[in-house]
Amino acid sequence: ADPEEEAPTSDDLFNALTTEEFRWVEDVYTNHDRKYYNYTGYNSFEPIKSELYRLQKQYDYVKIEKFGKTYEKRDLLAIHINKNNSKDIVFLTSLIHAREWVAGSITMNIVHRLLKYNTKDARVLRDNFHFIIIPCLNPDP
């Protein structure tokens, strides 16, 4: 770094953000109540729940389990992905605490990749493990 060069200011950093990033942030705050699942942005509990049930209809080896209710009476849901009745279980949970929404997105993307991708790795995982995934362990706002 050139010692004569000034360090970037917070204004420089702000101006470096792209229009696309601003649209994404706006999407987080304005589209949080939509009913469809968006694999590239923030999702509240309703789109997550809808996507889980859609996947259950699409794949015969996917089952949704209601395993309880929250304090505010929302269903607690787990998705089971078990193509060959495997006894070896992989258990994943996310969204246990508030303000960690990215964890739910990562978990739903794992579900998506396990089901939709036809790579060797995805096939090996689908064929040899029983995945129990809870994408939203605490859906109460």
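The legends below describe close-up views of a predicted model.

Local features need pLDDT of at least 70 and side-chain atom pairs count only at pLDDT 80 or more, while totals for chains, interfaces and linings use all residues. Residues are numbered from 1 along each chain as its sequence is written, and side-chain values use heavy atoms, with hydrogens and water left out.

**View 1. The chain has 5 helices and 4 strands.** Helices (H or I, at least four residues) and strands (E, at least two) are DSSP runs, numbered from the N terminus. Along the sequence, these elements follow the pattern α-α-α-β-β-β-α-α-β. Of the 141 residues, 34% count as buried; buried means under 20% relative accessible area, exposed over 50%, and partly exposed in between (1.4 Å probe, protein chains only). Among the contacts with a separation of 6 or more, 58% come from residues 24 or more positions apart, where contact means heavy atoms within 4.5 Å. The chain exposes about 9700 Å², of which carbon and sulfur atoms supply 54%. Accessible areas come from the Shrake-Rupley method with a 1.4 Å probe, and for residues only the protein chains shown count as cover.

**View 2. The 4 strands form an open, mixed sheet in the order β1-β2-β4-β3.** The edge strands, β1 (62–69) and β3 (89–93), each pair on one side only. Neighbouring strands are turned by 20° against each other on average, direction ignored. Axes are lines fitted to C-alpha atoms, for helices over the stretch in contact, and angles run from 0 to 180 degrees between N-to-C directions. Two strands pair if DSSP finds at least two bridges between them.

**View 3. Strands β3 and β4 (residues 130–134) run parallel.** The two strands are joined by 5 bridges. Within this pairing, L92 stands opposite I133 in β4.

**View 4. Helix α3 spans residues 45–58.** Its 14 residues reach 20 Å from the first C-alpha to the last, close to the 20 Å expected at 1.5 Å a residue. The expected span is 1.5 Å times one less than the number of residues. F45, P47, I48, E51, L52 and L55 are the buried residues of α3. They cover an arc of only 165° around the axis, so they lie on the same side of α3; the arc is that of the directions from the helix axis to the C-beta atoms. What covers these buried residues includes β1, β2 (75–81) and α4 (101–116).

**View 5. L77 lies in strand β2.** L77 counts as buried because its relative accessibility is 2%. Leaving aside neighbours within four places in sequence, L77 is in contact with residues including F45, K49, L52 and Y53. Other contacts of L77 include I64, E65, K66 and F67, as well as I133, I134 and P135. L77 and I134 are 57 residues apart in sequence, with their C-alpha atoms 6.3 Å apart in space.

**View 6. K73 has a positive phi, near 70°, in a residue other than glycine.** K73 is placed in the loop between β1 and β2. With 64% relative accessibility, K73 counts as exposed.

**View 7. L95 also is not a glycine and has a positive phi, of about 55°.** L95 is found in the loop between β3 and α4. L95 counts as buried, at 12% relative accessibility.
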